[in-house]
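This report covers selected contacts and the arrangement of secondary-structure elements. The sequence and structure come first.

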Amino acid sequence: MSGTTLDEKALLQSVCGSTTVVRRWREAKALIIDEISMMSPVMLQALNIVGQRARGNSRPMGGLLLIVCGDFFQLPPVQVQSSIKTHIGPAAGTGTGTGTEALQYCFQHRVWKQLFPSNTQNSVVLQTVFR
């Protein structure tokens with residue numbers, strides 16, 4: 001995005017307006033995100049919206065299998081000033097639900113909680129450091 005400002009509508013038009021990109025989203029079996037700790041809550045929400053619209057599926061990420069890895073203690077989210085303007089509305093994160101709370105990490109956003117419910121057995125957490 002290199003410093004340009006996109007709003008949610010422009011992002012959707014850009015991605016979903018391309019038949020090639022929509023076809024790739026629909027044919028994809030999984031989305032792998034390395035260094036998830038560097039992803040901002042706004043980018044997570046934007047990816048979720050794109051996945052849902054491109055795949056025509058209201059499930060998180062449009063029902064796409066999501067594989068993430070990263071260490072939230074190692075690399076913080078990339079903070080690009082207003083790279084994507086989205087509407088993080090009420091109950092977006094863990095704050096008051098006013099939509100004005102500043103979320104720093106993607107795991108604070110409601111989309112993360114939909115993708116990775118705490119009662120699931122589909123998550124693996126590695127806790128031993130090997131170097």
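Arg 23 and Glu 27 form a salt bridge in this predicted model, and their closest N and O atoms lie 3.6 Å apart. That distance qualifies because the cut-off is 4 Å between a side-chain nitrogen of Lys or Arg and a carboxyl oxygen of Asp or Glu. The structure holds one salt bridge. Both Arg 23 and Glu 27 sit in helix α2, four residues apart, so about one helical turn separates them.

Helix α2 spans residues 19-27. Its packing against α3 is set at an angle of about 95°, and the two axes are 9 Å apart. Helix α2 is therefore roughly perpendicular to α3, because angles of 65 to 115 degrees count as such. On the α2 side, the contact is made by Val 22, Trp 25 and Arg 26. Helix α3 contributes Leu 47, Val 50, Gly 51, Ala 54 and Arg 55. Sorted by class, the contact of α2 with α3 has five nonpolar, one polar and two charged residues.

How is strand β2 joined to strand β3? The strands run parallel, and five bridges join β2, residues 30-34, to β3, residues 65-69.

| Residue | Opposite residue in β3 |
|---|---|
| Leu 31 | Leu 66 |
| Asp 34 | Cys 69 |

Technical notes: Residues are numbered from 1 along each chain as its sequence is written. This is a predicted model: local features need pLDDT of at least 70, side-chain atom pairs count only at pLDDT 80 or more; totals for chains, interfaces and linings use all residues. Side-chain values use heavy atoms; hydrogens and water are left out. Two strands pair if DSSP finds at least two bridges between them. Helices (H or I, at least four residues) and strands (E, at least two) are DSSP runs, numbered from the N terminus. Axes are lines fitted to C-alpha atoms, for helices over the stretch in contact, and angles run from 0 to 180 degrees between N-to-C directions. Angles under 35 degrees count as roughly parallel, over 145 as roughly antiparallel, 65 to 115 as roughly perpendicular and the rest as oblique. Contact means heavy atoms within 4.5 Å. Ala, Val, Leu, Ile, Met, Phe, Trp, Tyr, Cys and Pro count as nonpolar, Asp, Glu, Lys and Arg as charged, and the others, Gly among them, as polar.
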